[in-house]
Amino acid sequence: MVTELKISTAAGVFDAIVSGPPEGRPVLLLHGFPQTGAVWREQIEALAAHGYRVVAPDQRGYSPGARPQRPEDYRIDLLVDDVAAIAEELGWSEFDLVGHDWGGAVAWWTAHAHPGRVRTLTVVSTPHPGALATTLRTDRDQRERSRYMIDWRDAPATEDRMLAHDAQELRVFYAGKVPQDSAGAYVRHLSRPGALTAALNWYRASRPDSAIGVIDVPTLYVWRRRTARSARRPRGRPDGGSRGRTGSRPSRASATGSPRKRPKR
């Protein structure tokens, strides 16, 4: 059974959903934009059924109790600190980390900053930040496809546009990708005062000062449902290694790979 949880940290109180036996191997799931921890509900149930202890928090800005208003409060180092603080509050010295979209970016940086705590890393759809940065510098088409990230820094025009006409533009993100009732829940969540601004502040925060290098943690990078690349052979993936084959040659995740181009929004 999936239940709700409040996680208190120095940065604020994070809402989360949780399932699985308390003594189970811990897994932390990080969502992206424009969703919440609820996006992982099916995965939580599946992992809990295999004996894992699974927690999916609503990250900084998505949790009302951890929603600073300044863009600078959404720097990647602070988002990484949130992950470490949540794990600390849960009593997890080590944990498997999974991230999607922005949650994937935070997961990469967390594995870089805390390799001794992240047992395995699984990232869905988000390339290594170093590879993405390289491609943005060298690939004109990639820059064009990623231009929305610059456009969305225009506040409050972006919020006004996304929420206009019963959040018509915001709803486009969910069309055909999530069930209608889930889409409605996300729209209601992000339509609350300050919520969408906080979510967009992830894009408005300054870029990291330091470079991210090799990730020395067993890593599984998934771009599409039928495409998975193994960067170092995962030791005990959170999914138990039961879903088909991944890459066959162990290696470390680094900034030298070239990410696939993200579709235009």
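1. Which side chain meets that of aspartate 73 in a salt bridge? The partner is arginine 70, and the N to O distance is 2.8 Å. This value, like the others in this note, comes from a predicted model. The two partners may be compared by their accessibility. Aspartate 73 has a relative accessible area of 14% and is therefore buried, since buried means under 20%. Arginine 70, at 47% relative accessibility, counts as partly exposed.

2. Side chains of opposite charge can pair when their charged atoms come close. In the whole structure, a search finds 14 salt bridges.

3. Arginine 60 and aspartate 82 form a salt bridge through their side chains, with N and O 2.8 Å apart. This pair connects distant parts of the chain, as the residues are 22 apart. Arginine 60 belongs to the loop between strand 4 (53-57) and helix 2 (76-90), while aspartate 82 is in helix 2. Both arginine 60 and aspartate 82 are buried.

4. A salt bridge also joins arginine 117 to glutamate 88, and here the closest N and O atoms are 3.4 Å apart. Distant parts of the chain are again linked: arginine 117 is in the loop between helix 3 (102-113) and strand 6 (118-124), glutamate 88 is in helix 2, and 29 residues separate them. Glutamate 88 is exposed, because its relative accessible area of 54% is over 50%.

5. Salt bridges can also be considered as a group. Arg25, Glu94, Asp96 and Arg119 are linked by salt bridges into a network.

6. The structure contains 13 aromatic pairs. In one of them, phenylalanine 33 and tryptophan 152 have their centres 5.3 Å apart and an angle of 50° between the planes, and the pair is tilted. Why does this pair tie together separate parts of the chain? Phenylalanine 33 is in the loop between strand 3 (26-30) and helix 1 (41-49), and tryptophan 152 is in the loop between helix 6 (148-151) and helix 7 (157-172), so the parts joined are 119 residues apart in sequence. Phenylalanine 33 and tryptophan 152 are both buried.

7. The rings of tyrosine 148 and tyrosine 203 form another pair, with centres 6.4 Å apart. Their planes lie at 65°, so the pair is edge-to-face, a class that requires an angle over 60 degrees. Tyrosine 148 is in helix 6 and tyrosine 203 is in helix 9 (residues 195-204), so placed that the pair links distant parts of the chain, 55 residues apart. The C-alpha atoms of tyrosine 148 and tyrosine 203 are separated by 9.7 Å. Tyrosine 148 counts as buried at 8% relative accessibility, and tyrosine 203 is buried with a relative accessible area of 3%.

8. Which cluster do these rings belong to? Ring pairs link Phe33, Trp152, Tyr148 and Tyr203 into a cluster that also includes Tyr62, Trp102, Phe173 and Trp202. On the model, the reader may begin with tyrosine 148 in helix 6 and then locate tyrosine 203 in helix 9.

Terms used. Residues numbered from 1 in each chain as written. Predicted model: local features only at pLDDT ≥ 70, side-chain atom pairs only at ≥ 80, totals over all residues. Heavy atoms only, no water. Salt bridge = Lys/Arg side-chain N within 4 Å of Asp/Glu carboxyl O. Helix = DSSP H or I, 4+ residues; strand = E, 2+ residues; numbered from the N terminus. Buried < 20%, exposed > 50% of the residue type's maximum accessible area, 1.4 Å probe, protein only. Phe/Tyr/Trp six-rings, centres within 6.5 Å; stacked < 30°, edge-to-face > 60°.
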